[in-house]
Amino acid sequence: MRPGAGGWYQRFVPVLCNVEGKLVPPEQALVPVLDRGFLYGDSVYEVVRTYGGRPFELERHLLRMERTADRIGLTLPPRSRIEGELQRTLDASGNPESYARIVVTRGEGQFGLAPQLATGLFRMVIIVRPLVLPSEEQYARGIQMAIAKTRRNSPLALDPALKTGNYLNNILALREAVGAGADDAILLDLSGRVTEGTTSNVFFVQRGVVVTPPLALGMLEGITRGVVIEVAREEGLLVREEPHGPEALAAADEVFVSSTLREVMPVTSLVFLESDERTRPVGDGKPGPIAQRLRKAFAKYVAEKHLAR
Ligand code: PLP
């Protein structure tokens, strides 16, 4: 398996868990099997990372979590408690930089789908581990994305804008991609338009214009996507939110994805799993100048808006 495809190299890093306020190693971090997060994916979550030891854009992450919780009628702990427990876990980990996953489930109760069967209000778990980032070689090589046969959930079914624990749609697409030897997958909507990656948002560049699918197609409003659009406009680039089919990616000068852990990662080849399964290079098959420029602009944003404060 390619490094990065399944994250095999991440198995050996020390993990610290906060289960309902108790700090424990993963082997002691247990939740009851009747927890609705475990049984049904009835939960919300966020992944944040630190820069300079402090969580980046925590306000935006918590707002997104609150929006998701609100849409599925899940009660969250008070914001001050989420922030406090996150900080406590980060401090206890002693990591110079951390990855943190905040998970809140609807708690446990009798078997049955009915949400009112949950007896408590919620269960919060925070998982912290040292930050493991893609290597510079990976940025220099770019990644290969497969256009999956599995389509993104319709916003009228399970809205992809919700960051819930229910990730099977994305897992199925990733299985296809890994099976085809690609690093990750891009999902189309039911009408065949590009939506997002399994854990990233998608951008392409055509004649100098940066294009990304509009949120209304059904996708997560990535925090990194928001920052990338902001910094791209500050760089004087034209950014358009427009729906396109996957052929636009194949014809683009550049394709890249954005996410908390990858920031701005060039996509240098595509595999179309629904049609001929041929591998097509993006542009000349090398990371393009705009993706590289936006990665630098993103770093500048982090330095000025986050590290300098
Ligand atoms: N889309 C999906 C489905 C995701 O799961 C993620 C992140 O996990 C993203 C996009 C990127 O979001 P962010 O930039 O907030 O990490």
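Predicted model: local features only at pLDDT ≥ 70, side-chain atom pairs only at ≥ 80, totals over all residues.
Is E57 buried or exposed? With a relative accessible area of 17%, E57 falls under the 20% cut-off and is therefore buried.

**The ligand and its surroundings**

- Around the ligand there are 16 residues, and those that come nearest are Y167, E196, I223, T224 and T260.
- By type, the residues of this shell divide into three nonpolar, nine polar and four charged.
- The side chain of Y167 places an N or O atom 2.6 Å from an oxygen atom of the ligand, and T224 likewise has a polar side-chain atom 2.6 Å from a ligand oxygen atom.
- I223 takes part through its backbone, where a polar atom is 2.8 Å from an oxygen atom of the ligand.
- On its own the ligand has 390 Å² of accessible area, and the protein covers 95% of it.

**The open sheet of six strands**

- Six strands form an open sheet in the order β2-β1-β6-β5-β3-β4, and their pairing is antiparallel.
- The edges are held by β2 (22-24) and β4 (54-55); each has a single partner strand, so one side of each is left without a neighbour in the sheet.
- Strand β3, which spans residues 43-51, is joined to β4 by two bridges in the antiparallel sense, and within this pairing Y51 stands opposite R54 in β4.
- The hairpin made by β3 and β4 has two residues between the strands, and G52 there takes a positive phi near 60 degrees.
- Nine of the nine residues of β3 are buried, so the strand is largely enclosed by the rest of the structure.
- In a regular strand, side chains alternate between the two faces of the sheet.
- In β3, S43, Y45, V47, R49 and Y51 point one way while V44, E46, V48 and T50 point the other way, and the residues of both groups are all buried.

**N18 in strand β1**

- N18 is found in strand β1, which covers residues 16-19, and its relative accessibility of 2% is under the 20% limit, so N18 counts as buried.
- The side chain of N18 makes a polar contact of 2.7 Å with the side chain of E85, and another polar contact, of 3.1 Å, with the side chain of T89.

- Strand β7 (residues 143-147) is mostly covered, with five of its five residues buried.
- The cover extends to both faces of β7, given that I143, M145 and I147 on one side and Q144 and A146 on the other are all buried.
- β7 runs parallel to strand β14 (residues 263-272), to which five bridges join it, and V267 is the bridge partner of I143 in β14.
- β7 also runs parallel to strand β8 (residues 184-188), here with three bridges, and M145 stands opposite D184 in β8.
- Between β7 and β8 the chain crosses through helix α5 (residues 168-179), and this β-α-β crossover is right-handed.

- E263 is not a glycine either and has a positive phi of about 55 degrees, but E263 is found in strand β14.
- The relative accessible area of E263 is 12%, which is under 20%, so E263 is buried.
- V239 lies in strand β12 (residues 239-241) and, at 9% relative accessibility, counts as buried because this value is under 20%.
- V239 and A291 are 52 residues apart in sequence, while their C-alpha atoms are 13 Å apart in space.

Note on methods:
Residues numbered from 1 in each chain as written. Heavy atoms only, no water. Near = heavy atom within 4 Å. Polar contact = N/O pair within 3.5 Å; in protein donor to acceptor, adjacent residues only side chain to side chain. Areas by Shrake-Rupley, 256 points an atom, 1.4 Å probe, with all protein chains shown as cover. Nonpolar A, V, L, I, M, F, W, Y, C, P; charged D, E, K, R; others polar. Buried < 20%, exposed > 50% of the residue type's maximum accessible area, 1.4 Å probe, protein only. Helix = DSSP H or I, 4+ residues; strand = E, 2+ residues; numbered from the N terminus. Pairing = 2+ DSSP bridges. Right-handed = clockwise from strand over helix to strand, strands pointing away.
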